[in-house]
Amino acid sequence: MTNEELLQIIEQAVKDKVTKLDLSDKGLTTLPPEFEKLTNLQSLDLSSNQLSSLPPEFEKLTNLQSLDLSSNQLSSLPPEFEKLTNLQSLYLGSNQLSSLPPEFEKLTNLQSLYLGSNQLSSLPSEFEKLTNLQSLDLDSNQLSSLPPEFGQLTNLQSLDLSWNQLSSLPPEFKKLTNLQILVISGNQLSSLPLEIVQLPSLQSLRFSYNQLSSLPREIRQLSNLQFLYLYNNQLSSLPPEIEKLTNLQSLDLSSNQLSSLPPEIEKLTNLQSLDLSSNQLSSLPPEIEKLTNLQSLYLSSNQLSSLPPEIEKLTNLQSLYLSSNQLSSLPREIRQLSNLKKLDLRRNPVPIPPEILGPKAYYEDPGDVNEILDFYFRVQDPAETEPFYEAKFLIVGEGGAGKTSLAKKIKDETYKLQPEEKSTQGIEVIRWDFTQSNGKEFRVNIWDFGGQEIYHQTHQFFLSKRSLYALVADTRKENTDFYWWLKVVELLSDKSPVIIIKNEKQDRDCQVNERQLRGEFSNLEKILATNLDTNRDLAKIKEVIQLYISRLDHVGIPLPKLWVRVRAALENNSQNYISREKYRDLCQINNLTDPEDMERLSRYLHDLGVCLHFQDDSTLKHYVILKPEWATTAVYKVLDNQTVKEKLGCFTKDDLKNIWESGEYADMQDELLQLMMQFKLCYEIPGNRENYIAPHLLSTNQPDFNWDESNNLILRYTYDFMPKGILTRFIVEMHAHIEQQTLVWKSGVLLNKDQTRAEVIEQYNKREIKIRVEGNRKKELLAVITHELDKIHTSYENLKYQTLVPCNCESCKDSQTPHFYRRDVLYKFRDNNRYQIQCQDSGDMVDVRRLIDDVLSTLPNLEIPMSEPLTRNQVFISYSHQDQEWLTKLQKHLKPMIRNQKLLAWDDTKIQPGAKWGEEIENALAAAKVAVLLVSPDFLASDFIADNELPPLLDAAEAEGLTIIWIPLSYSSYDETEIEKYQSAHPPNQPLDSLESAQQNKAWVDICKKIKAAVLG
């Protein structure tokens, strides 16, 4: 905003005698003297500007009751500030204040004061005069002590002292007898100060990330506590006196050193949530059966080898997290937990296939609880089960290395090699059976992958987890990039075991730096040599294959006999594919009659690569592809087609009719095309129906286009190892926005959306992707781009890369080659309250928060990938559109925290036109830590909310530790719904629309404090 525009606003405001003025986020660096004319102002928002000082004339604004100066660059406050004696709410968070002036004591009407994320190392003794304070935020400063005078703030109800350097509290602290919420996480406290246990009104205590090794017996005095968070301390035991905390509803003791629980825990009968994850528990006491109100129990990452039968008494339990323990069995009583909706047993030695337990990534929901328990108890009867002995053996390597020869020699040692063995086109699957030492037959599906360059980018869609891999190298050619192939297998197969087989043609030896490769790749099991022409050491190679393939974690798992019978029936079916109806008929014939069980089996076989059944695809779900190699061959027929190559990846439906003219493909052309799109191998050109492009075959030449280099947003990704195909997958995902549908080439694309353009270029040899954005909505388009790239990144296991953020100092801000900062470094600086970082080109000091805010969007679906710090700090807001004005009020009161990067807020107004609301909501929930419901009669009457939004939201509350907080906007029948079970942020008998304006503002401040505490606790 220009100075002239600001003066016009001031003049109009004076003329209209406005009492409320919002000048937030206007780029203001100074305030003009004319500000003194705004004497009618009661509320002024100047947050998120670049103010480094306030003018003396500010003292004339004596009617101000609410002043927001958060997220500026203030290093001090003027003495004249003392004249603002009517202030009730003052927001100064996220500035550079190192001290407060003595005159601050004159602000005696202050009820809410926010000083978080500054550089305060001490508080003035005059602070004691602020006796009307009810809410005080001092988090993320440098306080090492509090003055004795602090005890005079006896009206305090909420106090945040988190992330300072406090090692003790003054004795006077015990005088804060009205304190209800205390957040003191992230300090240097080695014991729970006795001053805290003498606070009789305390309801919520957050004491995480300290150095507690024990709790004092005096903790029994906190009898009104409802929420106690002690995670990330050093507790090795709990005192018996904990039994006195009978009002506790939520107790978090995760990430401590507890080896047992005291029997007295049975007295905590009001507990609804108990988190004991990441401790050293080897058993649970029988007394746990008394905690009958428990809804969520977190026991992950302990040493549990069994569960007590008494667990059946926890009939209200909805979520039970047991991942990363040593459980090999489950008590039958667990089936009595009729309300159980989430059961996480991943990373335990239970005899349940991982596909049923759920995704490996801990941040994704576990599998279906009924499916897990049904499978487990079904296979407990040996008479009803049969071990499953089948696996994939995948052979990769350069073209002509001898992969096909190896596959055929494994199946038949007498096979005679051809002088010019024909190279595999795409993928060929060969079956090999061998008898195990236990007499059982083992089926191996050998996948022989073509080695030509075009296949390198597309193989990734068929490389699967829980398989054995062989990398074949031709010792004569010496062209095998061992590092590249091993890295590809590592990223795409969840570190499945690999053996290197050197095909020493003419007995020519090949030296491999085994020590170096083993140091880099923990999944490299063996390096073996053979001469396939003479069968030298072929028997040894087959023995090694049999050994390692029989060790795969799914091998030998007992499956229901009916599943094995259906698998055999599918295997004996000579067709390439069958309809879903025929699949179900085949199941029925073999006595598998439960439709859900049929889906589980096809999903399990799909995950193993035995067959393909894309249950979530509207087209492909109608067919079960029995021979995956049939489908992959069809795909490669298109990518290998000479006409398609000459047309640089362009093809039409008519082209496909010619390519797939043989009878085996004729009736499945639409489905096979959909399969190619499912694998992100092609896309339909918008506005040009039945015309498609395969980006892998695009021209390597960059087309000509104009680009405005002024005021660009720039972002870079650099990779330790860059798998092929990232950009072509991105092109498919973003194809709807390709400018003119022509400005796209093999290593780059120009996007155009909402009068904004983006250039995305991959430089594979530099292992880098560079993004430039210009136009009106740069940040929004960059958020969409980074979201799509990060989705692709997370599809790889442990992909190592860096996101580089450009410097915005005067020298760099308009440069095409600015200095760059690593995103994770910026987050680390911010989280450690270090808000300045030096540009290595100009030497200027730059604000870390501005660097983050300038480029990295707060859109919820911008997921920080797992290779960088993941911060689950989002607030998900659910509301009725009839309550839009209330949403706006909440957004305003949350804004200082959002600008301070303390949290992100999401509501459905963030959904872009044309986006899929279901996916957007799912993405938002995945990043959410707190869900806020704006409850009114309209909210409760909304069928859309009741049917579509509330169910997944409540499910998420039971899954990932999502906290639900609801706000009563009006009197309503909330007690007739599930909402009643959750924490209200404001008394329901005093809904917000029943309050006067000043009371309402105070309520909003308190509500936002509770939301922030839930996010940061």
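**Reading the sheet and the cores**

A: Let's start with one bridge in this predicted model: N503 has T530, in β22, as its bridge partner. Strands β21 (residues 498-503) and β22 pair in the parallel sense, over six bridges.

Q: What is the strand order in the open sheet of six strands?

A: Reading across, you get β18-β19-β17-β20-β21-β22, and the pairing is mixed. The edges are β18 (427-435) and β22 (524-530); each has a single partner strand, so one side of each lacks a neighbour in the sheet. From one strand to the next, the twist averages 20°.

Q: Which strands does helix α7 touch?

A: Helix α7 (residues 482-492) packs on the sheet against β17, β20 and β21, and its direction makes about 165° with that of β20. Helix α5 (residues 403-411) lies across β17 (390-396), β18, β19 (441-449), β20 (468-474) and β21, running at about 25° to β18.

Q: Now the cores. How many residues are in the largest nonpolar core?

A: The general idea: in soluble globular proteins, nonpolar side chains tend to be buried together. Here, the largest nonpolar core has 137 residues, and F127, F150 and F173 have the most contacts inside it. Several helices supply at least two residues each, among them α1 (3-16), α4 (369-378) and α12 (595-608). The largest share, six residues, comes from α4.

Q: What does F173 touch?

A: Leaving out residues up to four places away in sequence, F173 touches L146, F150, L159, L161, L182, E195, I196 and L199. There's also a second, separate core of 100 residues, including L394, Y577, L620 and Y719.

Methods
Residues numbered from 1 in each chain as written. Predicted model: local features only at pLDDT ≥ 70, side-chain atom pairs only at ≥ 80, totals over all residues. Heavy atoms only, no water. Core = buried A, V, L, I, M, F, W, Y, C linked by side-chain atoms within 4.5 Å. Buried < 20%, exposed > 50% of the residue type's maximum accessible area, 1.4 Å probe, protein only. Helix = DSSP H or I, 4+ residues; strand = E, 2+ residues; numbered from the N terminus. Contact = heavy atoms within 4.5 Å. Pairing = 2+ DSSP bridges. Axes fitted to C-alpha atoms, helices over the stretch in contact; angles between N-to-C directions.
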